[in-house]
Amino acid sequence: MNLSDFDFDLPEDLIAVRPAQPRSAARLLLAQGDAIRDLHVFDLVDIFRAGDRLVLNNTKVIPARLFGTRARGEAVAKVEITLLEPQATGGWRALAKPLRKVNIGEVIRFSDQLSATVADKSATDLRLAFNLDGDDFDAALQAAGLMPLPPYIAAKRAADAQDNTDYQTVFARHAGAVAAPTASLHFDAALLAALAAKGVDFTEVTLHVGAGTFLPVKVEDVTTHKMHAEWGEVSPQAAAEIAATKAAGGRVIPVGTTALRLIETAAASGQIAAWQGETDIFIYPGYRFVVADALMTNFHLPKSTLMMLVSALMGQARIKTIYDHAISQRYRFFSYGDSSLLIP
């Protein structure tokens, strides 16, 4: 399998920079069997059946992009920081621009309340020790930080206050992600209530999406690609709910590739079980799915690991047909774009 097998030409103007309003008004491409239907996300009420179980990723995106200053004598210089993940030893791993000019021991100030000392530094990133922790840190970060929009949006416009709402799911509960589980952004309270009234069940899991989700694949032989790791948890209750749905013959449908990767990790033994830890599962054609019966997901970047995942679910030729249709019908792509429901 070559990287070029997962490439396609995407017109630049199909990259969405704002989401549809309201959320459930986004378009939905339904691919089931050999058919493709052009619908909207609110049509999920007519597609899903009583007894289906949607698996939702309840991670919460933190405002991980910070703009600060560092002082050296009387000289003051600007520094841009993107938080990546908290460290078990304390502090945060982060990216810095310009990294090479930041020294260990320097203090970077982001606001009157929030500052951080550069505790360590490597060739690619650094570790920051903040002056606050717990709820005080969360409050100061919320006030000083911006949502870490994906590179393909950030290149077109700066993050603003609207992104604090738009780039967060309505069921976000556990802070720790630096990228949103974007398929879930299409759900609002009204749609969730309508699905529940239909008899659709919900299970929440947590996978803290990392910045590694945007890293390009750099090897031509995709089977040699090393996936980034992300922390996740499937609780005993979540595992039991998913197992019960499978046993009853219902469909388990993860909303987003993050939820899918997590439940497949938790089912590595051949059946779903409670699980917690870091997953670097890499799903590409040839993978045998244990839990997921379908997938709701947005449209992905060319040559990305997520293109490989949907190709594993639907087949490479089928995905090519689906994406050709999406482009010809001018679906909006990537994080703020439209969605698809893929039922193999």
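Modeller: In this predicted model, a cavity is a set of grid points where a 1.4 Å probe fits but cannot get out.

Biologist: How much space lies in the largest cavity?

Modeller: Rolling a probe the size of a water molecule over the atoms shows where empty space is left. Counting cavities of 30 Å³ or more gives 1. The space in the largest cavity is about 90 Å³.

Biologist: Which helices each supply at least two residues of the lining of the largest cavity?

Modeller: The lining is made up of 13 residues, and those nearest the cavity centre are Met227, His228, Arg261, Thr305 and Leu306. By type, the lining divides into 6 nonpolar, 5 polar and 2 charged residues. The helices that each supply at least two lining residues are H7 (257-265) and H8 (305-314).

Biologist: Is His228 buried or exposed?

Modeller: His228 sits in the loop between strand S12 (201-207) and strand S13 (230-234). Buried means a relative accessible area under 20%. The relative accessibility of His228 is 18%, so this residue counts as buried.

Biologist: Which side chain is joined to that of His228 by a polar contact of 3.3 Å?

Modeller: Leaving aside neighbours within four places in sequence, His228 is in contact with Gly212, Thr213, Arg261, Thr279 and Asp280. Arg261 is also among the residues nearest the centre of the largest cavity. The polar contact of 3.3 Å joins the side chain of His228 to that of Glu230.

Biologist: Within what arc do the buried residues of helix H5 fall?

Modeller: An α-helix has 3.6 residues a turn, so residues three or four places apart point the same way. In H5 (residues 189-198), the buried residues are Leu191, Leu192 and Leu195. They line one face of the helix, because seen down the axis of H5 they fall within an arc of 100°.

Biologist: Which elements do the buried residues of H5 pack against?

Modeller: Leu191, Leu192 and Leu195 are the buried residues, while Ala189, Ala190 and Ala197 are exposed on the other side of H5. The buried residues pack against helix H1 (44-47), strand S3 (53-57) and S12.

Biologist: Which residue just after H5 takes a positive phi?

Modeller: H5 covers residues 189-198. Just after this helix, a positive phi of about 105° is taken by Gly199.

Biologist: What is omega for the cis peptide bond that joins Gln21 and Pro22?

Modeller: Pro22 is placed in the segment before strand S1 (27-32). The bond from Gln21 to Pro22 is cis, with omega of about -10°.

Biologist: What is the relative accessible area of Lys303?

Modeller: Lys303 is in the loop between strand S16 (295-298) and H8. Its phi is near 60°, a positive value in a residue other than glycine. Lys303 is partly exposed, because its relative accessible area is 36%.

Biologist: Is Phe334 buried or exposed?

Modeller: Phe334 is found in the loop between helix H9 (316-328) and strand S17 (339-343). Phi of Phe334 is near 75°, a positive value in a residue other than glycine. With a relative accessible area of 5%, Phe334 is buried.

Terms used:
Residues are numbered from 1 along each chain as its sequence is written. This is a predicted model: local features need pLDDT of at least 70, side-chain atom pairs count only at pLDDT 80 or more; totals for chains, interfaces and linings use all residues. Side-chain values use heavy atoms; hydrogens and water are left out. Helices (H or I, at least four residues) and strands (E, at least two) are DSSP runs, numbered from the N terminus. Buried means under 20% relative accessible area, exposed over 50%, partly exposed in between (1.4 Å probe, protein chains only). A polar contact is a pair of N or O atoms within 3.5 Å; within protein, one must be able to donate a hydrogen and the other to accept it, and residues adjacent in sequence count only if both atoms are side-chain atoms. Contact means heavy atoms within 4.5 Å. On a 1 Å grid over the protein atoms alone, a cavity is a set of points where a 1.4 Å probe fits but cannot get out, and a pocket is an open set with protein on both sides within 12 Å along at least five of seven lines; lining residues have an atom within 4 Å of a point. Grid points are joined across faces, edges and corners, and a volume is the space filled by probe spheres set on the points. Ala, Val, Leu, Ile, Met, Phe, Trp, Tyr, Cys and Pro count as nonpolar, Asp, Glu, Lys and Arg as charged, and the others, Gly among them, as polar. The arc is that of the directions from the helix axis to the C-beta atoms.
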